Amino acid sequence: MNLLLIFIGAAIVNNFVLSYFLGLCPFLGVSTDLKKATGMGFAVIFVMLISSAVTWLIYYKILLPFNLVYLQYVAFILVIASLVQFVEMFLKKFVPPLYRGLGIYLPLITTNCAILGMTLFMVIRKYNFVESVVFSLGAGSGFLLALLIMSGIRERINTSDIPRPFRGAGITFITAGCLALIFMGFAGILR
Amino acid sequence: MVEVLEGPLYLGIFGGVFGVFLAIANYFLKVKEDPRVEIIEKILPGANCGACGFASCEAYAKALVQGEAEPGRCAPGGEVALKAINKILGLDVKVEKRVAFVKCQGGAVEKFRYRGIETCEASVIVGGGYIACPYGCLGFGDCVEKCPFDAIFINENGVAEVDASKCTGCGICVEVCPRNVIELVPARIGYYIACNSKDKLEVKKYCKNGCFGCGICASKKFNPEGVVEIVENLPVIHFDKVSSPQQLELAGSKCPVKVWKKISSGKAEKLKSEKVKK
């Protein structure tokens with residue numbers, strides 16, 4: 001039950017993009033069409049899952065015992081960056097279809113603050129290993145959800161008659177704001 | 001003092017460990033790629049237009065090297081790319097250059113005043129288009145926008161026109177056009193019919209420039225080699241029989257509605273520079 005709550009909490013109630021405003025860059029950049037958004041969303045889920053597991057191990061098995069907690073930000077970034085590199089190589093060798101599917105989005109995620117944010121939340125909230133993994137899955141699914149909603153709306157925006165001053169970035173930002181407002185409605189359902 | 005150095009030291013260790021790990025991983029996980037793929041990819045224009053039937057230029061390059069696709073599918077790359085690819089792969093494939101042609105020169109009567117979204121795709125939904133001609137160009141320029149090579153523009157008659165010197169024959173505009181008024185034709189024939197109406201005399205009710213299939217261009221006198229034939233009230237050209245543009249110039253010389261148009265080139269550039277001056 002606790003795990004389910006963590007999952008739903010991360011995916012919907014405290015959606016990373018629309019409630020915490022993390023990872024806005026890919027949220028606006030890759031939400032132009034559904035296909036790209038799906039690719040990016042799954043790449044984020046994938047990287048989050050792996051990096052949560054590895055950073056949990058690094059934090060509790062290396063940083064804490066050696067009294068290096070003050071290095072956690074830099075260390076996490078380092079870990080995530082090299083991990084993504086490694087995963088990219090691994091996929092290219094053993095799972096080429098997946099590598100081609102994720103394509104350019106995989107390296108792009110390295111600098112996505114949603115990933116770092118997720119690992120830091122995991123530490124602050126003192127999740128155990130299983131909880132961390134579930135939390136990362138939830139956070140990733142929430143990211144995918146937000147991207148899918150946004151790209152669906154943007155595909156419709158393309159074929160609708162928008163007042164000239166709002167065209168392009170303007171209407172996109174307004175839409176994102178409205179979406180965030182809607183997600184605020186979930187606030188308080190879960191802690 | 002020592003505490004200050006502790007952070008960089010540990011971070012250095014972290015970085016070093018990951019670095020070595022990645023270097024080892026890179027050594028063991030390296031994927032060997034055919035060097036020809038990269039070379040061919042550089043030759044291809046990189047527009048990722050999809051005219052070859054592959055999702056990207058990279059995918060086409062790969063298929064070429066593996067022998068799954070034949071050279072010459074890349075319309076934008078044209079003859080230059082074809083020759084280079086032929087050389088690399090040791091093949092000898094030939095194709096002729098094709099360009100898009102808009103089979104309409106405007107002049108149709110308006111059916112009603114359209115004030116909706118200004119795209120061809122949207123406007124055609126309302127009562128089958130705002131012009132009375134069910135075949136003609138709507139002139140909102142969906143093709144202009146989609147053309148990756150800037151080869152289409154809206155001309156003085158309010159219809160799309162292709163600049164043959166810039167057109168690569170990728171065929172994106174042919175797919176975008178909701179009226180199917182654009183066709184790919186061999187560039188060498190020089191002339192083509194700028195009308196798409198399959199109506200006979202009814203065409204005169206809605207368009208002053210419409211071809212009504214009189215058949216003068218297909219007559220023995222102007223068409224001794226049988227290059228032109230009237231099908232569904234429109235002249236159809238047998239491309240394989242055309243040996244020079246003069247044949248078609250002769251065929252179109254006595255056209256009562258002047259529907260035969262030269263395949264134009266260099267016009268898009270001129271129009272652009274005029275716009276800049278203004």
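**Note on the predicted two-chain model**

1. The side chains of Glu183(B) and Lys103(B) form a salt bridge, with N to O at 2.8 Å; the term denotes a side-chain nitrogen of Lys or Arg within 4 Å of a carboxyl oxygen of Asp or Glu. Glu183(B) belongs to strand 4 of chain B and Lys103(B) to the loop between strand 1 and helix 5 of chain B, so the pair ties together parts 80 residues apart in sequence. Helices (H or I, at least four residues) and strands (E, at least two) are DSSP runs numbered from the N terminus. Lys103(B) is buried at 12% relative accessible area, whereas Glu183(B) is partly exposed at 23%; buried means under 20%, exposed over 50%, and partly exposed in between (1.4 Å probe, protein chains only).

2. This is a predicted model, in which local features need pLDDT of at least 70 and side-chain atom pairs count only at pLDDT 80 or more, while totals for chains, interfaces and linings use all residues. Residues are numbered from 1 along each chain as its sequence is written, chains are lettered from A and ligands numbered from 1 in the order in which they are written, and side-chain values use heavy atoms, without hydrogens and water.

3. Over all chains there are four salt bridges. Among them, Arg167(A) pairs with Asp161(A) at 3.8 Å, N to O; Arg167(A) is partly exposed at 42% and Asp161(A) exposed at 51%. Glu110(B) and Arg113(B) form another, their closest N and O atoms being 3.1 Å apart.

4. The largest nonpolar core has 52 residues, of which Val102(B), Ile182(B), Ile237(B), Leu248(B), Val259(B) and Trp260(B) touch the most other members. Such a core is a set of buried Ala, Val, Leu, Ile, Met, Phe, Trp, Tyr and Cys residues joined through side-chain atoms within 4.5 Å. Strand 1 of chain B contributes the most to this core, with four residues.

5. Contact (heavy atoms within 4.5 Å) between the chains involves 17 residues from chain B and 21 residues from chain A. The area buried between them is about 1,700 Å², 80% of it from carbon and sulfur atoms; this is the accessible area (1.4 Å probe) that two parts lose on being put together, summed over both. In chain B, Phe14(B), Phe18(B) and Leu29(B) lose the most area to chain A, together 34% of what that side buries.
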